[in-house]
Amino acid sequence: MLHRRIYQFFIIYFLGIATLFLVKYVLNLSDYVIPGPAEIWQTGQSVFTRYSFNVLNTLSVAILGHLLSICLATLVGIIGRLTLWIGSFIRAAAYNIQAYPIVAVAPIIFILLGDGLSSRLLITSMICYFPLLLSFIGILSEPVTEIEHFYEVTLRMNWRLQVKIRAFENINKITTVIVGSGTLAMVGTIVSEFIAANAGIGHSIRMALYQSDLAKILVALFLIGICTSLYLVCLEGLGQFVQKRLQGKESS
Amino acid sequence: MLLEFKDISYKYPGSINDVFKNLTCRISSPGFHALFGPSGVGKTTLAKMMTGGVKGFSGQISTSGIRHILYTYNLERLPGWSSVRDHLQSTTPDSGQNKIDDLVNAFGLAKCMQSRFAQLSLGQQNRTNLARYLLQDFDLLIMDESLANVDEVTKENIILTMKTIFPERCFLYISHSVVEVAKFCRQILVLRGQQKSPQTVTLRGQDHADGKAHIKRDLEQTMLEIVNAA
């Protein structure tokens, strides 16, 4: 799983680099626009440690924001599955609000909360929250009649059992959605750092952009790709572990 | 009278055709009874009317001595997060705990107890599902093709065991098997579709029970009556 993701990333990354070099040599662009391989290598050596810490900083905020959005989406999804007016209201609100680009709200958050951790965390959570919410509402609102029927006719059904049944029956879907939103969490954190934050790899990319230093940006992208792949692999592994434990596949 | 349907009329929402028109029939004693008829005639609809799953019909369903009606069907599943044994133990009321082992053995499920539901064959799944319903408190159990995918010998064992363990309860068995219905049921309500009048015919089955011999000729006669009525 890990090597597959890393291979995929390397292939895409080095194809991108090769395309840049192709453009550079075909159009005869200067090193100022697209640096040569030697310059990229030297820049990599000089900023690798600092950027690695920055990426880890970003990753930790992404993980926190991701967890926060999973908890929030679960909570709202549980309320949104209700057939009462509050459930309908939450479902309608979720479908409408998710259509709005959350990144556009980011400047307001920075103005109100400043450029520290809270703003990065909030924007990260918001960016991966809505896709999660829509999936969770869909999953938790869909009755699993062939299992729930018994509990309903024997008057044993309660909201916790209902949520447990629906979540268990859709555990593969939930795992896929959570893994998918892991990428969004990284994207959200980097975007927030890029807009205004004072830390993280997004902030480093912004600084490099001001200096028009493409080599630094390429090194940052490399580290982001490696870290995101590792995070997604961890999520997939965790998802598979949970599925196996819940479905009792270890004993079969 | 235990259960009576009087002048039941019903159309599916959005449909112009009646499913039932002035349907009247009754079940007069506890025991193993059948609801028989061709596909689409309204057997499941009638069963769901009894449990409150289908509303908006005219007429009256009256019961006497029946407080708790359960409806089970053959596509039901047990949750997969625990073994079959754990599930049966956790869903059986205290009054039924001592019957678990008897039913498990009679239903041939002893080897499946440590497995998860999804690991069982279709026949085992249906038997497990029926067993958990039998362990509940009920006065009338409607079994909608609950023994589908179960071999004939095991099916006979199960029905005879049910009749022995629960002689005072009422069962309404929905099945397409003429032999089963004729052999094991006391009353057979044959649903005939709304174009025929009367819409139901009640026949007397052989009500075969453990230790009671049945005469082949009588069984064939009942089967013939069922086929003609349907």
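Which hand, left or right, does the crossing of H2(A) and H5(A) have? Here are some notes to read beside the model.

1. This is a predicted model, in which local features need pLDDT of at least 70 and side-chain atom pairs count only at pLDDT 80 or more, while totals for chains, interfaces and linings use all residues. Residues are numbered from 1 along each chain as its sequence is written, and chains are lettered from A and ligands numbered from 1 in the order in which they are written.

2. Chain A has ten helices and zero strands. Both are DSSP runs numbered from the N terminus: helices are H or I with at least four residues, strands E with at least two. The C-alpha trace of chain A spans about 75 × 50 × 30 Å along its principal axes.

3. Now to the opening question: H2(A) passes H5(A) in a right-handed crossing (the near helix is turned clockwise from the far one by less than a right angle). Residues 37-80 form H2 and residues 117-141 form H5; the two pack at about 35°, with axes 6 Å apart. These axes are lines fitted to C-alpha atoms over the stretch in contact, and angles run from 0 to 180 degrees between N-to-C directions.

4. Of the 252 residues in chain A, 32% are buried, meaning that 20 or more other C-beta atoms, placed from the backbone, lie within 10 Å of the residue's own.

5. Chain A also touches chain B: the contact takes twelve residues from chain A and 13 from chain B. Two residues are in contact if their C-beta atoms, placed from the backbone, lie within 7 Å.

Conventions
Buried ≥ 20, exposed ≤ 12 C-beta atoms within 10 Å, placed from the backbone.
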